[in-house]
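Hi there,

Here is the structure I promised to pass on. Have a look at it first, and my notes on what turned up follow below.

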Amino acid sequence: MELTLKLLTGRSAGQEIKVKSAKFLIGRAEDCNLRPHSDLISRHHCAILQQQGVCAIHDFGSKNGTLVNGERVVGQRELRNADMLKIGNLEFEVQLTSRVGGDKRPKVKDVKDAALRTAAGPGKGEEEDISDC
């Protein structure tokens, strides 16, 4: 699963932030991944958590709160595609996309390489072609 936060407000509206880590901290502290310059956002405001195909937002008891679709998050809440996330004066659209299949294998170098791959069968994460069944 890939998570992107699309900024909807402010000078940088339209900017997209790819969330690649399992724990993405948001706040003004130096150890945060996203550090907005706003007094409406706590030093450690919230975190986006990704684990086993599930994405959630966890509010750390911030003074101004974290909102999902206009509702204040108490503790933790699962995020879904197209949710509206508000953190202080920042508003984001949550964009969740699923990847189909695994990573692509490198291009075949020559006929010998193609024959070796065919003889070895499907690579890791690949499935047999059953379209003729």
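**Strands, a pocket and a serine**

Strand 6 (residues 66-68) pairs with strand 7 in the antiparallel sense, over 2 bridges. Across that pairing, leucine 67 stands opposite arginine 72 of strand 7. Please keep in mind that this is a predicted model.

Both strands belong to an open sheet of 6 strands, which runs in the order 2-1-10-9-6-7 with antiparallel pairing. At its edges are strand 2 (16-19) and strand 7 (71-72), each of which pairs on one side only.

The largest pocket has a volume of about 350 Å³. It is lined by 15 residues, and the closest to its centre are Leu7, Ser12, Pro36, His37 and Leu90. Sorted by class, the lining has 6 nonpolar, 7 polar and 2 charged residues.

I also looked at one serine in more detail. Serine 38 sits in the loop between strand 3 (23-26) and strand 4 (46-51). Is serine 38 buried or exposed? Its relative accessible area is 10%, and the cut-off for buried is under 20%, so serine 38 counts as buried. The side chain of serine 38 reaches the backbone nitrogen of leucine 40 at 3.1 Å. Beyond its neighbours within four places in sequence, serine 38 is in contact with Arg28 and Asn89.

Happy to go through any of this with you.

Best wishes

How values were computed:
Residues are numbered from 1 along each chain as its sequence is written. This is a predicted model: local features need pLDDT of at least 70, side-chain atom pairs count only at pLDDT 80 or more; totals for chains, interfaces and linings use all residues. Side-chain values use heavy atoms; hydrogens and water are left out. Helices (H or I, at least four residues) and strands (E, at least two) are DSSP runs, numbered from the N terminus. Buried means under 20% relative accessible area, exposed over 50%, partly exposed in between (1.4 Å probe, protein chains only). A polar contact is a pair of N or O atoms within 3.5 Å; within protein, one must be able to donate a hydrogen and the other to accept it, and residues adjacent in sequence count only if both atoms are side-chain atoms. Contact means heavy atoms within 4.5 Å. On a 1 Å grid over the protein atoms alone, a cavity is a set of points where a 1.4 Å probe fits but cannot get out, and a pocket is an open set with protein on both sides within 12 Å along at least five of seven lines; lining residues have an atom within 4 Å of a point. Grid points are joined across faces, edges and corners, and a volume is the space filled by probe spheres set on the points. Ala, Val, Leu, Ile, Met, Phe, Trp, Tyr, Cys and Pro count as nonpolar, Asp, Glu, Lys and Arg as charged, and the others, Gly among them, as polar. Two strands pair if DSSP finds at least two bridges between them.
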